[in-house]
Amino acid sequence: MMSKGLLIVLSGPSGVGKGTICRVLCRENRHLVRTTSLTTRPPRKGEEDGVDYHFVSEKKFYELKNQGAFLEWAKVHGNFYATLAGEVEELRQKDYDVIMEIDVQGAAQIRSSSAEGISIFLLPPSMEELWQRINGRGSDTPDAIKDRFKTARHELMEVWKYDYVIINDIVSRAVKDIEGIIAAEKCRVERNKKFLEDIIGKR
Ligand code: ADP
Ligand code: 5GP
């Protein structure tokens with residue numbers, strides 16, 4: 001069978017629903033695990049350290065960065081974010097499929113690395129709906145909301161670089177589409193090389 005779990009990169013503008021979709025995906029698919037990123041941003045109301053993010057100081061962030069601990073990192077809306085390489089590697093070795101909810105800069109780093117990630121871009125049904133969702137979350141200041149909406153326009157231009165695009169109109173439908181992508185990726189001949197060689201011999 002496959003030697004390693006899949007690495008799935010999920011990007012999209014703030015408020016499009018990445019967190020919501022990831023929660024449902026991971027709840028319904030036990031083989032799928034979401035990474036816990038590091039961030040220097042302060043926790044929002046209801047966010048838990050070690051669950052939503054590892055909340056760290058800039059000093060700690062730089063320490064880990066200098067040690068080469070990050071698979072990717074980025075500065076987004078004035079704060080630093082990163083994925084721990086060790087966490088991803090450990091989960092994939094255990095055969096878990098790993099989903100990383102990261103911004104477009106981080107996705108570009110994964111693409112240019114040897115990590116073999118599958119990239120998915122989540123789009124809102126419309127910009128009006130995106131505005132509603134960012135506002136509706138009720139956890140950002142008016143300035144932060146404006147900043148996120150402005151950044152969204154730039155982020156959307158990056159969609160062309162991704163493997164797949166999903167419109168998050170209805171959560172359950174978007175989740176089904178992502179499950180479909182994961183299922184198809186697992187059926188790729190190249191990913192099943194070892195299994196094929198075991199039953200039919202080397203080509
Ligand atoms: P992100 O992680 O991309 O910043 P969230 O998952 O926090 O976005 O979602 C932002 C807001 O939009 C939340 O209030 C969430 O409940 C809502 N939301 C997410 N997906 C949908 C959807 N398909 N339809 C309506 N509201 C949604
Ligand atoms: P938020 O502050 O709204 O939780 O996240 C802001 C942005 O940072 C989102 O686009 C989110 O996907 C991105 N982000 C979260 N974790 C990481 C990470 O580990 N790496 C990168 N590159 N971006 C991240």
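Select L10 and I120 to begin: in this predicted model, the bridge partner of L10 in strand β8 is I120. Widening the selection to strand β1 (residues 7–11) shows that four bridges join β1 to β8, and that the two strands run parallel.

Turn next to the salt bridges, of which the structure holds 15. Select E89 and K4, whose side chains meet in one of them at 3.4 Å, N to O. Because E89 belongs to helix α3 (residues 85–93) and K4 to the segment before β1, this pair ties together parts that are 85 residues apart in sequence.

Another stop is R34 with E101, a salt bridge in which the closest N and O atoms are 3.2 Å apart. R34 lies in strand β2 (residues 32–34) and E101 in strand β7 (residues 97–101), so here the parts tied together are 67 residues apart in sequence.

Now show helix α7 (residues 171–186), where R173 and D177 lie four residues apart, about one turn of the helix, and where their side chains form a salt bridge of 2.6 Å, N to O.

Finish at helix α8 (residues 193–200), which contains I200. I200 is exposed, with a relative accessible area of 66%, and together with F195 and I199 it forms a nonpolar surface patch with about 320 Å² of accessible area.

Methods. Residues are numbered from 1 along each chain as its sequence is written. Chains are lettered from A and ligands numbered from 1 in the order in which they are written. This is a predicted model: local features need pLDDT of at least 70, side-chain atom pairs count only at pLDDT 80 or more; totals for chains, interfaces and linings use all residues. Side-chain values use heavy atoms; hydrogens and water are left out. Patches are made of residues with over 30% relative accessible area and no salt bridge: like charges are joined within 9 Å, nonpolar side chains (Val, Leu, Ile, Met, Phe, Trp, Tyr) within 5 Å. Accessible areas come from the Shrake-Rupley method with a 1.4 Å probe; for residues, only the protein chains shown count as cover. A salt bridge is a side-chain nitrogen of Lys or Arg within 4 Å of a carboxyl oxygen of Asp or Glu. Buried means under 20% relative accessible area, exposed over 50%, partly exposed in between (1.4 Å probe, protein chains only). Two strands pair if DSSP finds at least two bridges between them.
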